[in-house]
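Me: I would like to go through this structure with you in some detail. Please begin with the first helix.

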Amino acid sequence: MTQCALVTGAVSPLGRAIVERLGFLGYRVAAADSKSLLDGVENRFRKPGREVIPVEVDLNRPDHRQKLFEKVASSIGQIDSLIVVPGQNQFHGAGTIVETCAGALDKTFTQFVTTPFRIVQQGLPYLAKSKNGSIVFFGSIAGFQPMLDIGVYSVASSAVLALTKAVAESGAQSGVRVNAVISGMIDGDGSSAVWDSNRRDLGEDEQRKAEAHESISQMIPLGRPGKPKDVANAVEFLISPRAKNFMLIRRFSSTACRLLTERKVWANQPQKIPDQEFATRRERLIEKIRRDHPQAKEKDVLIVLKGARKYYTGPDVAGTYRQCSNFRYLSGVTSPDAFYTIHASKENKIDSLLFLRKRTAHEELWDGPSLSDDELGKTSGCEEIVSVEQFPKRLEKMVSGAFLCYDLESDWSSDVKALFTGGASMTPLRRELHKLRVVKSSTELACMSHVCTLGAQMMTAMIAESREVTNENEIRGRLEFEARKRGAENLAYMPVIAGGARANVIHYMDNNASLHNGDTVLVDAGCDAEGYVSDITRCFPVSGEWSDSQRVLYEALNLVQTNLLVYANSVEQISLSNLFQKMIEFLAAAMTDAGVLPDGLSGQELAKEAQLLCPHHVSHYLGMDVHDCETMEKHIPVQPGTVFTIEPGVYVQATNRVVPKEFRGIGYRIEDDVVKTESGICVLTESCQRDTASIVALMGK
């Protein structure tokens with residue numbers, strides 16, 4: 001269901017940023033302010049694809065406030081969030097607080113404390129009807145450290161903190177979250193402090209504004225005052241369903257600490273699929289085939305699988321072996337060069353046979369003993385383990401007249417293909433099985449949580465040790481070391497380790513070029529443990545410091561990733577296809593705001609340029625394979641228990657003349673693994689840092 005938000009003071013710089021942000025993210029927004037102010041900006045709120053409704057109101061009048069909620073509720077539906085933006089402070093520059101003009105204290109408290117309280121008081125009954133009710137007040141850093149020329153405003157900001165705490169107690173009884181955003185030095189925050197260019201005493205004097213901006217910028221580590229859109233990002237998080245869990249953790253801290261500790265231990269313990277779950281999988285597959293294929297109901301059903309083969313990179317030099325995921329999913333067997341059959345009679349009696357190449361005494365001397373028949377039978381459900389040489393003969397007896405299910409993509413021998421023609425009819429195994437595999441059981445989700453934790457730890461440890469690294473191959477060695485020492489069996493796939501402009505080759509795998517200070521590196525890697533894999537991408541500067549252009553481009557992409565995670569968490573139904581459409585929208589907006597794409601492009605032109613910057617899809621399913629269940633369409637609704645990636649990228653080719661020169665040749669991707677839940681998503685790789693400041697700190701700068 002679409003979330004609905006009411007923003008008061010919507011015409012102020014802060015209010016406009018919040019309205020535009022929420023509208024962009026698909027919220028239905030009521031933008032409330034006085035008629036005189038709305039007349040000048042009403043058209044700005046009305047943009048294609050955004051549902052923003054301007055509402056005229058005089059918030060100082062109780063009757064107007066009551067009608068405001070009635071009108072908004074009737075026009076946009078259920079009110080889920082109330083964001084109370086108080087507007088511009090009118091009293092500043094008059095010396096100390098005791099020298100303030102008569103009535104300044106009363107008027108300031110009315111504007112910043114009393115009226116916001118009255119608005120919330122009348123709005124709380126409406127918000128209590130929402131499953132995600134939330135209220136946001138606004139204060140300033142001036143409330144912590146009173147400032148000479150805005151002394152009255154400083155006192156009012158301090159009072160906002162007390163007001164928030166008091167209202168939060170009432171809100172909790174109605175299930176409504178109450179928070180305050182206490183902004184720092186934000187140009188446009190309405191404080192009329194020295195960093196706020198909307199102070200009345202600056203007027204239209206652009207030179208004075210520039211001088212004031214330059215002076216305050218030198219005091220701020222970031223090198224500039226914050227912007228209203230920075231505050232809008234915080235508001236967006238606080239009203240999202242995702243913040244609901246965060247607030248519960250804060251509220252029940254002792255319980256949360258215990259649960260988080262348990263989850264940490266649980267996530268770091270290797271999870272194994274129990275024998276009974278393999279049996280359940282086989283039963284579910286038989287049931288699905290009989291349900292979906294009427295011709296299978298009155299026939300024997302025979303499922304035939306071929307395992308992965310052991311291969312060699314040279315004479316007697318074995319390559320890296322990994323069992324076919326479909327084979328392992330149904331049998332639990334990881335031995336190479338095997339066949340596996342599941343036979344269900346008309347009466348639905350299920351029998352399984354495992355065909356293996358038994359090792360000779362000589363092979364056991366060199367490679368070690370095979371698993372015993374008892375061990376193999378526990379997961380596969382087989383009472384008999386048969387020599388692989390018997391497979392064609394035993395298959396011939398079972399296949400006649402049966403409804404067959406086998407993988408068309410497997411490398412079957414010609415004699416086995418001929419035997420398959422004796423079946424009554426067939427259905428491809430891969431498609432049938434992927435429909436079951438795509439939604440994970442609770443045990444599988446424990447496996448995914450474990451392997452994603454390993455992947456996040458591997459990536460974090462690698463970045464921490466890679467400052468001033470000189471070759472891509474060194475990073476690959478560190479990935480392998482950090483993965484295996486934590487219990488991973490292998491890397492999940494050949495990693496992408498691309499320095500500098502090589503990051504614009506999306507699946508660059510040479511991984512052997514030199515790295516230099518001034519380069520950034522894109523690393524796409526994951527872990528493989530107990531048959532399940534993770535898939536993470538992070539970027540970092542070789543020197544440990546981002547250049548200005550690198551930082552701007554990366555932070556814009558990181559904002560896109562944050563928006564996608566919030567979006568995926570806040571919508572009831574999501575598909576990988578609509579996630580891709582959102583990525584294009586978010587990417588176009590973020591790159592325009594960052595100055596990577598020019599202003600003035602039409603919506604169609606922006607979408608085209610955004611897709612040129614990121615030509616790949618934003619997501620794929622994840623599980624036993626990196627690109628898991630590849631036969632599943634991307635347009636279908638994602639069901640709870642499904643694990644998938646979210647991975648926007650921005651690749652600026654050296655030949656791209658639309659983008660300013662300083663960004664050309666830079667390529668970034670950010671990738672996280674998430675699981676769909678009943679209430680949103682859970683980010684399984686959240687512990688892997690991705691913001692610029694955290695990465696710099698991680699690298700020891």
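Me: How many of the 12 residues of α1 are buried?
Reply: This is a predicted model, in which local features need pLDDT of at least 70, side-chain atom pairs count only at pLDDT 80 or more, and totals for chains, interfaces and linings use all residues. Residues are numbered from 1 along each chain as its sequence is written, and side-chain values use heavy atoms, with hydrogens and water left out. Buried means under 20% relative accessible area, with exposed over 50% and partly exposed in between (1.4 Å probe, protein chains only). By that criterion α1 is mostly covered, its buried residues including L14, I18 and F24, and the count is nine of 12.

Me: What span does α1 reach from its first C-alpha to its last?
Reply: Helices (H or I, at least four residues) and strands (E, at least two) are DSSP runs, numbered from the N terminus, and α1 covers residues 13-24. The expected span of a helix is 1.5 Å times one less than its number of residues. For the 12 residues of α1 the expected value is 16 Å, and the helix comes close to it, reaching 16 Å.

Me: Are α10 and α13 parallel or oblique to each other?
Reply: Helix α10 (residues 275-292) packs against helix α13 (residues 373-380) at an angle of about 50 degrees, with the axes 7 Å apart. Axes are lines fitted to C-alpha atoms, for helices over the stretch in contact, and angles run from 0 to 180 degrees between N-to-C directions. Angles under 35 degrees count as roughly parallel, over 145 as roughly antiparallel, 65 to 115 as roughly perpendicular and the rest as oblique. The two helices, α10 and α13, are therefore oblique.

Me: What is the relative accessible area of H434?
Reply: H434 is found in helix α16 (residues 429-437). Leaving aside neighbours within four places in sequence, H434 is in contact (heavy atoms within 4.5 Å) with N326, C629, E630, T631 and M632. H434 is buried, with a relative accessible area of 2%.
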